[in-house]
Amino acid sequence: MKKIKARALSLLADGTVKRVLGWERGEDAFDCSPALFENEAEMERFVYGTCAGANLSKYCVKMGKAEGKTLVILKPCDTLSFRQLLHEHRVERDAFYIIGAGCTGMMDENGLLAKCAACKGKEFAVYDEIIDTEECRLPTGTEKRMEQVEKLENMTAQERFAFWQGELSRCIRCNACRNVCPACTCIKCVFDNPGSGVQSKAPVTDFEENMFHIIRAYHVAGRCTDCGECSRVCPQGIPLHLINRKLIKDMNELYGDYQAGLGDNERTPLTSFTKEDAEPGIIHERGNG
Amino acid sequence: MSVSNTGWTPKIVAFCCNWCSYAGADLAGSGRMQYPADVKIIRVPCSCRVNPLFILRAFERGADGVIICGCHPGDCHYTSGNYYARRRMTMLFSLLDYLGIERGRTRVEWVSAAEGAKFAKTMNEFVETVYTLGENRKLRDIRCRK
């Protein structure tokens, strides 16, 4: 959108912001990569369109330490990630000028992104100004969000195991899902510990790389905003968001509806409790065994 | 019960809270109550000290079942630890179930220091369940084999 670029240029020119965090056109029309622009000349490469799927919140963790304000352009779902980072004190609100950019669903060479097919909504959780159009506020397929999770839940344990073994065996352990996740912001990651014995790719085992994905999903449980970046960046096309969504679905069902990044309460479902919580044995009573 | 023709016995890891079930295990012992020696007890200061990674690590390295024993809800020595543990374990076990891991391999039980008999009974039941399920092949990791 031209309006966003023009606004970014004017904010850069009057010194409100020192740099712009946005996207630049890559090798082809679908290649839209996160990039940093520091002056008007560099802004030539700036682009925002239907292929800007990348969530820029994660870059804010590092960028927040730079001198001066940074202009960051966030789509509605990205603002949830940013707000969650604010709750966790990983970013300073004052270090950023946020333009909320309207979004009609993002695409890649295979069509609409999986995360956009089950859009969480078009509300901005945090922003300084919003630049969008009427079209950007149309409702989307939110109700379809848990469809696939429910399908898996209705399978037998053996079928589920076969499904996940098939998916996770394709993992090449490139760590892209970890690196892109806006909720994964530990400075030292458990997976980088050589003492763990699992910091690299597994030789062929019964259920390859399952632990990596269990731990990855569980570490962000309650903080995952379901931004879908993990699945988007997976070079092997593993539907990783289905693991995160299962956790979200369980938390919603057992502990009440919760959307990470919304609300003022910094307590997530796993850092709070009630005396009447369900006993762990409840999983024996739900779904297929 | 836990010795088969093949000689396979399950490896069970039991995380026991220092203030209740660890003492409960002690009571079971001094009361001469029998429970299988396949259960290896790890003493923790509270059930919420059990990082979910501990459980996964145990499975990775070849445990066949993991049980967490803590104080009854409301009786935590640190006021609220077991409430947090309850949510955490529910979510973790549900996730494991979702990935197709047998449900019987994981369990949470509240055992107080006075419940030696309950401790022995729980362990007997759990070992029996895991024994029926057989060896844990789904979650172990050959990189962690020592």
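Me: Two strands pair if DSSP finds at least two bridges between them. What makes strand S1 (residues 12-17) and strand S3 (residues 65-70) of chain B a pair?

Reply: Five bridges join S1(B) to S3(B), and at least two are required, so the two strands pair. They run parallel. One of the bridges links Val13(B) to Val66(B) in S3(B). This is a predicted model, in which local features need pLDDT of at least 70 and side-chain atom pairs count only at pLDDT 80 or more, while totals for chains, interfaces and linings use all residues. Residues are numbered from 1 along each chain as its sequence is written, and chains are lettered from A and ligands numbered from 1 in the order in which they are written.

Me: Why do S2 and S4 of chain B stand at the edges?

Reply: The open sheet of chain B has the order S2-S1-S3-S4, with parallel pairing. Strands S2 (39-44) and S4 (106-110) each have a single partner strand, so one side of each lacks a neighbour in the sheet. From one strand to the next, the twist averages 20 degrees.

Me: Why is H1(B) called roughly perpendicular to H4(B)?

Reply: In chain B, helix H1 (residues 21-30) and helix H4 (residues 116-133) pack at about 90 degrees, their axes 7 Å apart. Roughly perpendicular covers 65 to 115 degrees, so H1(B) and H4(B) qualify. Helices here are DSSP runs of H or I with at least four residues, and strands are runs of E with at least two.

Me: How do you know which residues of H1(B) meet H4(B)?

Reply: Contact means that C-beta atoms, placed from the backbone, lie within 7 Å. Ser21(B), Gly24(B), Ala25(B), Leu27(B) and Ala28(B) of H1(B) meet Gly116(B), Phe119(B) and Ala120(B) of H4(B). By class, five residues in this contact are nonpolar, three polar and none charged. Gly counts as polar, so Gly24(B) and Gly116(B) fall in that class. H1(B) also lies across S1, S2 and S3 of chain B, at about 110 degrees to S1(B).

Me: Which element gives the most to the side of chain B that touches chain A?

Reply: H3(B) does, with 14 residues. The contact takes 33 residues from chain B and 39 residues from chain A. On the chain B side, 17 are nonpolar, five polar and eleven charged.

Me: What are the bounds of the domains into which chain A is divided?

Reply: Domain 1 covers 2-141 and domain 2 covers 146-284; such bounds come from an automatic or database domain assignment. The C-alpha centres of these two domains of chain A lie 25 Å apart. Their contact takes 19 residues from domain 1 and 17 residues from domain 2.

Terms used
Axes fitted to C-alpha atoms, helices over the stretch in contact; angles between N-to-C directions. Parallel < 35°, antiparallel > 145°, perpendicular 65-115°, else oblique. Contact = placed C-beta atoms within 7 Å.
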